[in-house]
Amino acid sequence: MERPALDDRSYRVIRLPNQLEALLIHDADTDKASGALDVNVGSFSDATDMPGLAHAVEHMLFMGTEKYPLENEYNQYLTAHSGYSNAYTASTSTNYYFEVAASSTHHDSKSTTPASTLEDLTLDSQPPLYGALDRFAQFFVKPLFLEDTLDRELRAVDSENKKNLQSDNWRLHQLNKSLSNPEHPFCHFSTGNYETLHDKPIARGVKIRDEFIGFYQKHYSANRMKLVVLGRESLDQLQQWVEELFSDIEDKNLPRNRWDDVAPYTSNELGKQVFAKPVFDMRVLDIYFPYPDEEELYESQPGRYLSHLIGHEGPGSILSYIKNKGWANGLGAGPAPLCPGSAFFSISVKLTEEGLKNYQTLVEVIFQYIAMLKETPPQHWIFEEMKKMSEVDFRFRQKSPASKTTSALSAVMQKTYPRDCLLSGPALIRKFNPDAINRGLECLRPDNFRMTIVSQDYPGAWDKKEQWYGTEYNYDNIPPSLMERIHRAAKATPADRPTELHLPHKNEFIPTRLEVDRKDVLEPLKHPKLIRNDEHVRTWWKKDDRFWVPKANVHITLRSPLASISPHAGAMAQIYQGLVQDALVEYSYAADISGLEYQLIGHSLGMDVSVSGYNDKMAVLLEKLLISMRDLEVDSGRFKIIKERLLRGYKNVEFQQPYHQIGTYSRWINNEKGWINEQLLAELPNITEADVRIFYPQLLHQLHIEVLAHGNLYREDALRYTDLVESTLRPRKLPSSQWPIRRTLIIPPGSNYLYERPLKDPANVNHCIEYMLYLGNNQDRQLRAKALLFAQIADEPCFDQLRTKEQLGYVVFNGTTQHNTWLGYRVLIQSEKTPEYLESRIDSFLTNLLVELNDMSEHKFQKHKRSLINKRLERLKNLSQETGRFWNHIVGENFDFEQVTHDVDHIEPLTKNDLIAFYNKFISPGSSVRAKIAVHLVAQSVPAAVIEEPNANPEAKFQLVMTALSQFFDANRVPANPEQLARRLKGVDVNSTDPAAFIGAVKLYLTEDARVPDLQAQQIVEHGMLMMKAAMPAEGSEQAESNATTKPVRIEDVRAFKGSLQLSPGPRPAKNLVEFEDFEAKL
């Protein structure tokens, strides 16, 4: 197997008698094992009258097998062994994968497990990987497709689809698909929803379970499966397990799925322009060319050559020219394989306001550049640059997490790469093939493309709506006058096109010094050394002693209270950051494609500057970055563009998925300081370029500098980088008494606070809740250990109850939450159901969890401890992971570099009684000292759950019911007549505990007023049963539990709320910094 220089794994490819192909990977040092299986069937194989079928079958395979019939048995096993699983359905494949502890006990752990339980633990005689593979293999041997799990998983698919309904990525991708050749499966709606997978099939008399089983039996065949197994065991042992567990999968000798005889775009779809209205305020020009499938050309990868030039950002590039015109902020280009036999080459441009006005001229520029490439033979020197960087990147590729490795490789195995090139095939460019480059270039012509213009404002009227996501759009032929201009541009001579367009210069950033001074060490150092510590600077340094790559990460915090002293200052810092990055685009692009990148990020403590990648030319990039920060010239045109882009960005935050938004508000109400989006947005219109010219020198005038230099660097390099920062920026010292302090609010015992906000997106149907229990200070080691162990125990039951069984929503998270000195436990749910209802279900789950804790055997409790310890002791996979760990402890100012070891030391002695006491005090809804704070984001468009509001009076609730039913009927394409509906519901007590009268009235409306056939009416009622029942007060424990909790105190004024609470201490160093100091100069 051709592999990276530092790859110490062993590989073997085998083929079972049933034609299943497997790649076995032995990694003696891994602490995580994994398996992944890729099946050559995906959404392109969906039946045309049942979109989403492949995706739904993927969901169903997790719901029990003949050998392991319990629907959550697989996930329970993985959770008990520090693992997890996931899957995805793509166009031509479905990929399943899991990760699990490599051993039942971690060899780095000095276990203090009580002797009485050691005998129990030895019952786990097989390594966790064997048990996981056994359960995993049954997905493909004998899945059950249980009838009673079918509806719940279809609702999970539906929830997943609704989660994406307001996502522009999904909307615009589906629009492109929906407007493609209807004879090519690219046109399919791949996710599916309840209507396509349940309602319509039932209306046609289809038995859904039979359809699922039929799809599985038709397409799932051993010869279409590629398995990858990674473990600590020998290759012979792994092979024995694979042969034992996977040989029973049936081989149906199915051909590989290909679509060679049909094109995604025909003459009917080419030469078209689409104007699409997005949810986000964005402006994009997308150009799509049908392009050859280059799978067999893996040695030369001609599409990468074209992508390199058309997508270039340096001098002479398309982007450089249109950016200087003020028309664009970014450009990307490259081939996109669709399936064996089909591909696109796409060019995507992020437009400014002026770019939108001049989009036709911009398209001409793109074709003029393509004309230049066609008249210039493919350049060998450009190929050699690309080839060299592909070799360097592959040679020094570091390990990735086990499941990421297996999942990716199982997908790669579906390709035709030689089996000794499974690792290198996609990565290495080996041969210069100018003929293949020219053939690809010939596809980029005026009669072979379609374009999409995305904008909320242009053209201003859209006369069509896409079927699945509701995207408004126009669709027509490209006007003849524009097409004529494009044809002229495609034939442009050097005299006819801008002189600014030319091939890139030679790349001076390609690394040439790749030596690593490797020395054997008994044990890697667990912390960086503090090699400078004075009034101006703290410099931390660690020479890499784990990964031995010619790379480094240099992180610099410029500590200043001015950066976020007010929303006005925070917004100016954001503009300044954007202007610096904008000014560096052309220069930094050569570094970026050479494996060297920078970041500039503003935050509450100041500004972070970082450079990372190959260390050879790192100092050159850092110096240019610092000089650009110091000497920035605020250009009026670029200021206007950056400010407008930032303004749109702030507005677009309000249209993200709710679960992406909620963390901002949770942190805001829990931290002493900080600003939210709307506060920054309010300031932005008032900021002028003169303000920024005055502000940024003040920001840099007085600083404290903190540096971490980690990787293939000597002490002298770290000190030289520090001197470079000091000498370039030349700041006054910032006394430590003026450094910002990270503080959080202390939520008092017995509290029950609620902060609620309406969501801005009127079309979003999902609410979101983050339910947080404040535990205390995250530097309290014993409390932290208990919180981590409780979260480990609660994780799988929470997901199983709230997502799998109750189907509250697709997005369900739970676990510890930590920021600054805050330590808490949280449950986050995004759902169509109201936050009040979700909160009652979380209370119910937490209440019932006590039973599980009390009934838990000592053996199971010890397994949870072992699983958590394995997670905490999981090895770092690459240099950046270790840098990130160091940097988090440095900027967090706790310097707790050995936190993982301390966590394990405090987890190991915990007993079940310790956890029950912890639960009774901090978690139980019945606890008088529990401290709770919840954030509710409330959707405007609520088709189902608006009626769940428990505190509404009867008349108000009647109106809520009417609104919800009308919206629910609209969603099911049933006419909603408010007068007739009110007549049917007249006299029905919506507060009754018996929903029979309510449901009967709804059925009468459907059958007699709306003229819906009886069968369809019954299906609609069944579909809406959860919603209708939620309108009624629940009998028994659920309602009692909801009422048992203290009525929440609403946070109306956040400033007053913060002012009423005490503040936590700031972070304290785990050790005196003197213990980290090492000022002696030595190599």
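Modeller: N878 sits in the loop between α28 (858–872) and α29 (879–891). This is a predicted model. N878 has a relative accessibility of 17%, so it counts as buried, the cut-off being under 20%. A polar atom of the N878 side chain lies 3.0 Å from the backbone nitrogen of Q881. Beyond its neighbours within four places in sequence, N878 is in contact with Q398, K399 and F547.

Stay at α29 for a moment. The loop between α29 and α30 (899–907) holds E893. E893 is not a glycine, yet its phi is positive, at about 60°. E893 is buried because its relative accessibility is 15%.

Now the helix pair. Take α16 (residues 434–442). Which of its residues are buried? They are A436, I437, G440 and L441. Look down the axis of α16: the buried residues fall within an arc of 140°, so they line one face of the helix. An α-helix has 3.6 residues a turn, so residues three or four places apart point the same way. On the other side of α16, D435 and R439 are exposed. What covers the buried face? The cover over the buried residues of α16 includes β8 (284–291), α10 (302–310) and α13 (359–375).

Turn to α10, one of those covering elements. Two packed helices are described by the angle between their axes and the distance between the axes. The axes of α10 and α16 come within 8 Å and cross at roughly 60°. The crossing of α10 and α16 is right-handed. From α10, the contact uses P302, Y305 and L306. From α16, the contact uses A436, I437, G440 and L441. By class, the contact of α10 with α16 holds six nonpolar residues, one polar residue and no charged ones.

How enclosed is α10 itself? Eight of the nine residues of α10 are buried, so the rest of the structure largely encloses this helix. The buried set is P302, G303, Y305, L306, S307, H308, L309 and I310.

Q301 is in the loop between β8 and α10. Phi of Q301 is near 45°, a positive value in a residue other than glycine. Q301 is buried, since its relative accessible area is 14%.

P459 is found between β11 (450–454) and β12 (464–465). The peptide bond from Y458 to P459 is cis, with omega near 5°.

Two further residues deserve a close look for their surroundings. H184 lies in the loop between α6 (168–178) and α7 (194–203). H184 has 1% relative accessibility, so it counts as buried. The side chains of H184 and S342 are joined by a polar contact of 3.2 Å. Not counting residues up to four places away in sequence, H184 touches F44, W259, V262, A263, P264, C339 and S342.

N670 belongs to helix α22 (residues 658–670). N670 is buried because its relative accessibility is 0%. A polar atom of the N670 side chain lies 3.0 Å from the backbone oxygen of S666. Apart from neighbours within four places in sequence, N670 is in contact with T744, L745, I747, M772, H819, W822 and I933. G83 is 587 residues away from N670 along the chain, and their C-alpha atoms are separated by 31 Å.

Last, Q1018. Helix α35 (residues 1014–1023) contains Q1018. At 30% relative accessibility, Q1018 counts as partly exposed. Q1018 and K1003 are 15 residues apart in sequence, and their C-alpha atoms are 7.4 Å apart in space.

Terms used. Residues numbered from 1 in each chain as written. Predicted model: local features only at pLDDT ≥ 70, side-chain atom pairs only at ≥ 80, totals over all residues. Heavy atoms only, no water. Helix = DSSP H or I, 4+ residues; strand = E, 2+ residues; numbered from the N terminus. Buried < 20%, exposed > 50% of the residue type's maximum accessible area, 1.4 Å probe, protein only. Polar contact = N/O pair within 3.5 Å; in protein donor to acceptor, adjacent residues only side chain to side chain. Contact = heavy atoms within 4.5 Å. Arc of directions from axis to C-beta. Axes fitted to C-alpha atoms, helices over the stretch in contact; angles between N-to-C directions. Left-handed = near helix turned anticlockwise from the far one by under 90°. Nonpolar A, V, L, I, M, F, W, Y, C, P; charged D, E, K, R; others polar.
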